[in-house]
Amino acid sequence: SIPPATPPAGPSYWPALGAVAGVTAAVGLVASPVLFVVGLVGAGLVLLEWMVQAWSDRATGDPEINRRIRHRLMYPIEVPVAGALVILVLVVSVSRVLLATSATVSWIVAAVVAVLIFAGATLFAYRPAISKDAIAGVVVLFAVLAIGAGIAAAAAGTRTFERHGEETGEDHDAGGDLAPGDGGSEG
């Protein structure tokens, strides 16, 4: 016979994350529609995760089987969504840094970031004895540094971009090009 289901042994962090999502949505009502949507999407994801966690904790009497059931159900959703969100946050953070620095410095920053990513991936590929905790620590450190730099750069603002052709009053529309102010530029 199957042993009776037992309540979850560990604490759940979903209520705290649900509160953060609710506050984000509430602040978004006042501050920004984008922030409101982010809060609603976050609340929906928290609700889904919380419901699946509560269900899987009580699916059987064996906590290990419950954990496997939850992972089998949620990993196909969690891994791609989490990966996409991490990539989005890192790309936006690095883009803020590139927009805040001068044109010369921005390509140097981009090259350094690319070299660091390549060097880290190469090191991890050729040193398979490195523990998963060490890899996770390095990745989290890089992510925190990139996000922190992105926040600082966003607070500093973007550099000023000059528009070519506006000083002379040239009209680029005659040749089929964009007119001044339409975002076009000739090099």
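Biologist: What are the numbering and the confidence limits, and what is the mean pLDDT of the protein chain?

Modeller: Residues are numbered from 1 along each chain as its sequence is written, and side-chain values use heavy atoms, with hydrogens and water left out. As the model is predicted, local features need pLDDT of at least 70 and side-chain atom pairs count only at pLDDT 80 or more, while totals for chains, interfaces and linings use all residues. The pLDDT is the predictor's confidence in each residue, from 0 to 100. In the protein chain 82% of residues reach 70 or more, and the mean pLDDT is 82.

Biologist: In what order do the elements of the protein chain run?

Modeller: Helices (H or I, at least four residues) and strands (E, at least two) are DSSP runs, numbered from the N terminus. The protein chain has five helices and zero strands. From the N terminus on, the order is therefore α-α-α-α-α.

Biologist: Which element of the protein chain has the highest confidence?

Modeller: Confidence is lowest in α5, at a mean of 87. The highest value, 92, belongs to helix α1 (residues 14–30).

Biologist: How far apart are the end C-alpha atoms of helix α5?

Modeller: The expected span of a helix is 1.5 Å times one less than its number of residues. Helix α5 (residues 132–156) has 25 residues, so it should span 36 Å. The model agrees with this expectation, for the end C-alpha atoms are separated by 36 Å.

Biologist: Against which helix do the buried residues of α5 pack?

Modeller: Buried means under 20% relative accessible area, exposed over 50%, and partly exposed in between (1.4 Å probe, protein chains only). In α5, the buried residues include A143, A146, G150 and A153. An α-helix has 3.6 residues a turn, so residues three or four places apart point the same way. By contacts (heavy atoms within 4.5 Å), the buried residues of α5 pack against α3.

Biologist: Against which helices do the buried residues of α2 pack?

Modeller: The buried residues of α2 are G39, V46, E49, V52, S56 and D57. Their packing partners are α1 and α3.

Biologist: Is S106 buried or exposed, and which residues does it touch?

Modeller: S106 has its place in helix α4 (residues 103–126). Its relative accessibility is 12%, so S106 counts as buried. Not counting residues up to four places away in sequence, S106 touches L98, T101 and R159.

Biologist: What separation is found between the C-alpha atoms of V20 and A43?

Modeller: V20 lies in helix α1, and at 51% relative accessibility it counts as exposed. V20 and A43 are 23 residues apart along the chain. Their C-alpha atoms are separated by 8.4 Å.

Biologist: What is the relative accessible area of V81?

Modeller: V81 is found in helix α3. It counts as partly exposed because its relative accessible area is 37%.
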